Amino acid sequence: MTQILFKDINKEGLHTMKVYEELGGYQSLKKAFAQKPDEIVETVKASGLRGRGGAGFPTGLKWSFLAKDVFPRYLCCNADESEPGTCKDRELLLKNPHLLIEGMILCSYACRIETGYIYMRGEFQDLSFIMDKALEEARAKGYLGKNILGTGFNLDIYTHLGAGAYICGEESALLNSLEGGRGEPRMKPPFPAVEGLYSKPTVINNVETLCVVPYIVNEGAEKYASFGTEKSKGTKLVSVSGHVKKPGNYEIEMGTPTSELIYNLAGGIRNDNKLKAFIPGGSSVPMLPADKVDTPYDYESLAAAGTMLGSGALIVIDDSVNIVETTLRLISFYMHESCGKCTPCREGTRWLYQIVERIMQNKGQLEYIEKLEDICGNMSFKAFCPLADACVAPVVSSIKHFRSDYEEYFKNVGVS
Amino acid sequence: MSEYKFSEDQEKEIAAIFAKYPVKASAMLPLLTLVQRADQVVSPEAMVAIGKKLDVSPAYVQSVLSFYTMYHTEKVGKYMILFCINISCQLNGSDKLLEHTAKKLNIKVGETTFDEKFTLHREECLAACTEAPMMRVNDTYYGNLTEQRIDQIIDSLD
């Protein structure tokens, strides 16, 4: 299987400049600096790379949206990895910090940016020390700082730690947090490309997205686009967790069947139980029942199956579980993480929690299901950011595919 | 209320933090983190001191810190145990393990032990789902937990 991001991931000392360079690290810089910045943007566009954080927006296009001739501009790397089920960025940050730095240098050169921040979730403090060390090494080598490799291009990159708030992974909330405020999402438009950090044009990309860029610059857009499907190009890191024998982060070519991830790479279902459901893209996307397990793992196929690729976190659930329990846990998460700015989200998540909790206490009625769907309808697309929609996903999909799990509780109404 | 004093080393660190940003306000979270690392909590005195550094009111400092779960205004134990209970951990039995941990420490979830050594909190996803069930003790991640392993970890901390 093609390995682009994980090719050398378990090489000892990969996090050091020495080993990273021995393996060909930072080679892309010379290649990039020989080109005009706009050419790099065009190359990334042509590669078909799409944002790996969750939304899947074309990366090159995002870069080209920056407000013309407005400076300074900023790059924010979103390393706030908090989507339940997702832990791929953590592995990259831990084992290959220089790859991210190289990707950020390329992006900054392409977009004429002179300051970059890596916004890491507060719990990643130990990783921020690793990253600070790598940044120091890159400065010493002249890959960061003034007049990089004699090109006249200046760039510095800094780490910035959050302090525990899922919502700060949403790009506009991330900006507010980085500016020293409460991490509440902003109204869009204006989009960050026009008015982002400190009201200046800003690129915000996920760790994995930026880590792909060195490969594209080195090998060319065509080579990268030769992997994957017609519309989902390249490879994807997938965090497989839950009821599998070998949970882990796996790099697959886009379009690989989901069943290959579960049964081959992750070793199948633990205790040889049967697969009941899976959530393909992190807790914010709709779950699918077992019969959809052959769905190719790419943006379009998963969308056609009624879900999303999201952040690339495949959560596997076996038949020992009542899905209502899982759903309640997810609602509880969104209720906890709702920032409280918008009413549909703040109140909706709580109502969903209370109703599903009642169902689980055998105090439910059949009408509760309709009530849940009604509340979900009033939450979808009605808030500043997608957190409310994320909470709706497990509720609506669990009712759609596993209504009988809810009905189990109705049979026991009155039994405590 | 007595005045909060930053140490000489902290002042140096603060200067380095300010140098990272074009505006002072961005140093808010880094300063809160710096204070908490030294004091384990962010006291009202520290909020005043941080406000002064950033030219904002102490009330604004408090409004920001209250948004984030990692800042504490009340004393916590020497070891902060954050026990992940989110989906991948739940599927791998975190609820029972959390119960076990609370029993082992003889406290309820959310409480601090009498000797102020441990605080136990329920935590949302910590991005280590492939090692579920997991917990974070201060800065260290511990994965693939079992009752036995939890006991060993807790007993090994002094």
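This is a predicted model: local features need pLDDT of at least 70, side-chain atom pairs count only at pLDDT 80 or more; totals for chains, interfaces and linings use all residues.
Three bridges join strand 1 (residues 79–84) of chain B to strand 3 (residues 135–137) of chain B, and the two run antiparallel.

Two of the bridge pairs can be named. Ile81(B) has Val137(B) of strand 3 as its bridge partner, and Leu82(B) is partnered in strand 3 by Arg136(B). Leu82(B) also stands opposite His121(B) in strand 2 of chain B. Strand 2 pairs with strand 1 of chain B in the parallel sense, over six bridges. In general, strands of a sheet pair through backbone hydrogen bonds, in either a parallel or an antiparallel way.

Stepping back, these strands belong to an open sheet of four strands in chain B, with the order 2-1-3-4 and mixed pairing. Its edges are strand 2 (118–123) and strand 4 (140–142) of chain B, each of which pairs on one side only. On average, neighbouring strands of the sheet are turned by 20 degrees against each other, direction ignored.

**A helix pair in chain B**

Let us turn to the helices. Helix 6 (residues 94–105) and helix 7 (residues 147–156) of chain B pack at an angle of about 35 degrees, and their axes are 10 Å apart. The crossing of helix 6 of chain B past helix 7 of chain B is right-handed. On the helix 6 side, the contact is made by Leu97(B), His100(B), Thr101(B) and Lys104(B); helix 7 contributes Glu147(B), Ile150(B), Asp151(B) and Ile154(B).

**Backbone details in both chains**

| Residue | Phi | C-beta neighbours within 10 Å |
|---|---|---|
| Leu149(A) | near 50 degrees | 14 |
| Gln40(B) | near 70 degrees | 16 |

Leu149(A) sits in the loop between helix 7 (125–140) and strand 3 (156–161) of chain A. Gln40(B) is in the loop between helix 2 (28–39) and helix 3 (44–54) of chain B. Are they buried, exposed or partly exposed? Leu149(A) counts as partly exposed because 14 C-beta neighbours lie inside 10 Å, a count that falls between the limits of 12 or fewer for exposed and 20 or more for buried. Gln40(B), with 16 other C-beta atoms within 10 Å, is partly exposed too.

Cis peptide bonds also occur in loops. In chain A, the bond from Pro189(A) to Pro190(A) is cis, with omega near 0 degrees; Pro190(A) is found in the loop between helix 8 (171–178) and strand 4 (202–206) of chain A. In chain B, a cis peptide bond joins Ala132(B) and Pro133(B), with omega about -5 degrees. Pro133(B) lies in the loop between strand 2 and strand 3 of chain B, two members of the sheet with the order 2-1-3-4.

**The domains of chain A**

Finally, the domain assignment of chain A gives domain 1 (17–225), domain 2 (235–318) and domain 3 (323–411). The centres of domain 2 and domain 3 of chain A, taken over C-alpha atoms, are separated by 23 Å. Eight residues of domain 2 of chain A are in contact with 12 residues of domain 3 of chain A. On the domain 2 side, the touching residues divide into six nonpolar, two polar and no charged.

Key
Residues are numbered from 1 along each chain as its sequence is written. Chains are lettered from A and ligands numbered from 1 in the order in which they are written. Domain bounds come from an automatic or database domain assignment. Two residues are in contact if their C-beta atoms, placed from the backbone, lie within 7 Å. Ala, Val, Leu, Ile, Met, Phe, Trp, Tyr, Cys and Pro count as nonpolar, Asp, Glu, Lys and Arg as charged, and the others, Gly among them, as polar. Two strands pair if DSSP finds at least two bridges between them. Axes are lines fitted to C-alpha atoms, for helices over the stretch in contact, and angles run from 0 to 180 degrees between N-to-C directions. A crossing is left-handed if the near helix is turned anticlockwise from the far one by less than a right angle, and right-handed if clockwise.
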